[in-house]
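Please read the following account with the sequence and the model side by side. It goes from the overall architecture to single residues and their pairings.

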Amino acid sequence: MSDDFENIIQWDVHTDTQTPQLEIKDPLSQFNEERLLSPSPTSLSSLNVDSKSADEPPASPHFSAPTVPLASNSNSKPPTVTSREKEDDNVEVLPMTILIEEPRKHNDPTQGTYVTYLVTTQTTLKTFKPTQPIHVRRRFQDFVWLHTALTLEFPACIIPPLPDKHRLEYIKGDRFSNEFITKRKLSLQWFLDRISKHPILQKAQSARVFLESNDFRNDKRIQSTHIPPPTSLIGSIGDTLVNAFARLKKPDERFEEMKEVVNRLEDNLNTIERLYMRINKRQRDLQNDYTSFANSIQGLSALETNIKRTLHQFAETCKAYSKVMSEMSEKEELLFLNEIHELLAYCYAAKDVLKARDQKQLDFEELSRYLDQAALEKERILHPKFNDRANIAEYVTDKINELQEEVTQANDESNKFSSQVVKEFGLFQKTKIMELKQGLLAYADCHIAFHEKGMSIWEKILPVLENMDSVRGDGEATV
């Protein structure tokens with residue numbers, strides 16, 4: 001803004017103060033359990049791949065999970081709850097355990113071949129069924145629905161990423177192989193673990209529908225009608241082109257520092273992945289060398305017939321050692337390398353949220369600039385030399401009033417978004433540390449188990465070798 005206009009009105013980009021507005025009622029409260037299980041034929045989901053677009057636009061977006069259900073079609077007043085109590089309810093993480101087990105392959109004549117997973121939930125959340133644990137079966141596209149719903153409903157939250165269908169190049173074989181299913185199951189487990197430990201996402205209505213609905217196809221249609229629609233492709237491209245060269249006038253140092261932290265973490269994780277792949281290649285080469293070494297010893301036994309049994313057992317020991325080494329590499333890839341990939345994807349999700357926050361501030365700054373221009377235009381029109389000042393000044397005044405409301409709303413949205421992002425980044429930091437700990441512990445356990453098995457394998461061959469004799473040849477000891 002110009003200095004002239006800043007003397008008239010100022011907007012603080014980095015404050016948490018918001019303009020008082022009416023509390024929006026929870027649209028989900030009007031749907032009781034009976035209605036959820038008997039959906040209206042017109043309640044169609046824009047996110048459900050099996051349904052058509054809804055006749056009415058979904059509700060407007062909100063940034064936090066509702067804590068007190070409000071009856072939309074009732075005249076009774078909701079219970080009085082202070083804003084502090086609401087905030088505490090949202091921040092608290094209640095006990096929740098989610099397990100993914102028993103992958104099962106299905107062959108359907110209409111839907112083709114797909115895999116479902118048994119999802120078991122146990123929690124103290126009052127919104128869930130009292131009968132615990134809760135068992136449901138879900139396929140991968142159901143996880144995609146949950147991820148999409150949470151992303152649209154809570155844009156200021158860092159939504160845990162899903163395993164990308166096109167980023168699993170490190171998985172060998174087809175998508176129905178045991179290796180592929182095992183790694184996807186582990187990635188989906190990480191996805192749900194992060195949701196279960198998130199103070200807002202664990203209480204989301206979409207998560208509840210996903211985790212406990214026995215009529216998921218219909219229930220997700222009902223739920224999807226209350227989720228903000230995704231941005232159209234044309235609108236997304238337009239925003240990208242408009243803001244391609246836009247820069248924040250007053251960048252917030254807090255979020256600039258967050259970007260730097262995430263970028264450094266991403267760089268370090270990429271370096272770790274690259275070095276691990278180098279180590280893994282050497283381990284694979286060593287496994288092949290041990291197998292070749294065992295075959296050479298086996299060939300030697302054909303020449304040295306008096307120690308044939310000893311040489312054969314030594315060759316088998318080398319093969320067993322190579323096999324244990326191969327098992328260690330496979331377990332490392334499953335528990336450590338996949339963990340690195342998941343953390344990288346988590347970094348991308350965090351960067352997306354930080355970009356969205358910048359966009360909120362950019363929207364506010366652009367609206368403020370338009371308001372500044374309108375105020376200067378009004379001053380120019382009111383100049384004595386300007387003809388027909390009254391009618392045009394009235395029009396500009398109306399425009400200024402409208403822009404002031406939009407700027408106020410944009411300021412509130414930006415502050416609310418920023419406040420949530422600060423909380424999200426704190427949660428991101430804690431989650432990152434715990435998952436790094438989990439991955440490094442898994443890596444160490446793999447090597448400890450490998451060396452223990454290797455020691456046991458080599459100890460068994462020692463008596464055989466010690467009984468070799470230059471006269472008798474093979475001793476009587478066997479492995």
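**Overall architecture**

Followed along the sequence, the protein chain shows the pattern α-α-α-β-β-β-α-α-α-α-α-α-α-α, which amounts to 11 helices and three strands, where helices (H or I, at least four residues) and strands (E, at least two) are DSSP runs numbered from the N terminus. This is a predicted model, in which local features need pLDDT of at least 70 and side-chain atom pairs count only at pLDDT 80 or more, whereas totals for chains, interfaces and linings use all residues. Residues are numbered from 1 along each chain as its sequence is written, and side-chain values use heavy atoms, with hydrogens and water left out.

The protein chain has 479 residues, of which 41% count as buried, a term that stands for under 20% relative accessible area, with exposed meaning over 50% and partly exposed lying in between (1.4 Å probe, protein chains only). Its accessible surface comes to about 27300 Å², and carbon and sulfur atoms account for 54% of that area; such areas come from the Shrake-Rupley method with a 1.4 Å probe, and for residues only the protein chains shown count as cover. If one takes the contacts (heavy atoms within 4.5 Å) between residues at least 6 apart in sequence, 78% of them join residues at least 24 apart.

**Covered positions**

Helix α6, spanning residues 205-212, is mostly covered, since eight of its eight residues are buried.

Another buried position is L152, with a relative accessibility of 18%, and L152 belongs to helix α4, which runs over residues 140-153. Although L152 and P228 are 76 residues apart in sequence, their C-alpha atoms are 5.8 Å apart in space. In helix α11 one finds S414, which is buried at 1% relative accessibility and which, when its neighbours within four places in sequence are left aside, is in contact with K360 and Q361.

The cysteines C157 and C318 are also buried, C157 with a relative accessible area of 2% and C318 with one of 0%. How many disulfides does a search of the whole structure find? The search finds zero, when a disulfide is taken as a pair of cysteine sulfur atoms within 2.5 Å.

The UniProt annotation "coiled-coil region", from an unreviewed entry, covers residues 255-289 and 393-420; UniProt positions are given in the numbering used here, feature names are shortened, and annotations may be inferred rather than shown by experiment. In the model, residues 255-289 are 100% helix and 0% strand, and the end C-alpha atoms of this span lie 51 Å apart.

Side chains of opposite charge can pair when their charged atoms come close. The structure holds 18 salt bridges, each being a side-chain nitrogen of Lys or Arg within 4 Å of a carboxyl oxygen of Asp or Glu. One of them joins E260 and R264, at 3.6 Å from N to O; because these two residues are four apart in helix α9 (residues 253-303), about one helical turn separates them. Both partners are partly exposed, E260 with a relative accessible area of 40% and R264 at 45% relative accessibility.

A salt bridge also forms between K351 and E266, whose closest N and O atoms are 2.8 Å apart. This pair links distant parts of the chain, with K351 in helix α10 (residues 308-381) and E266 in helix α9, 85 residues apart.
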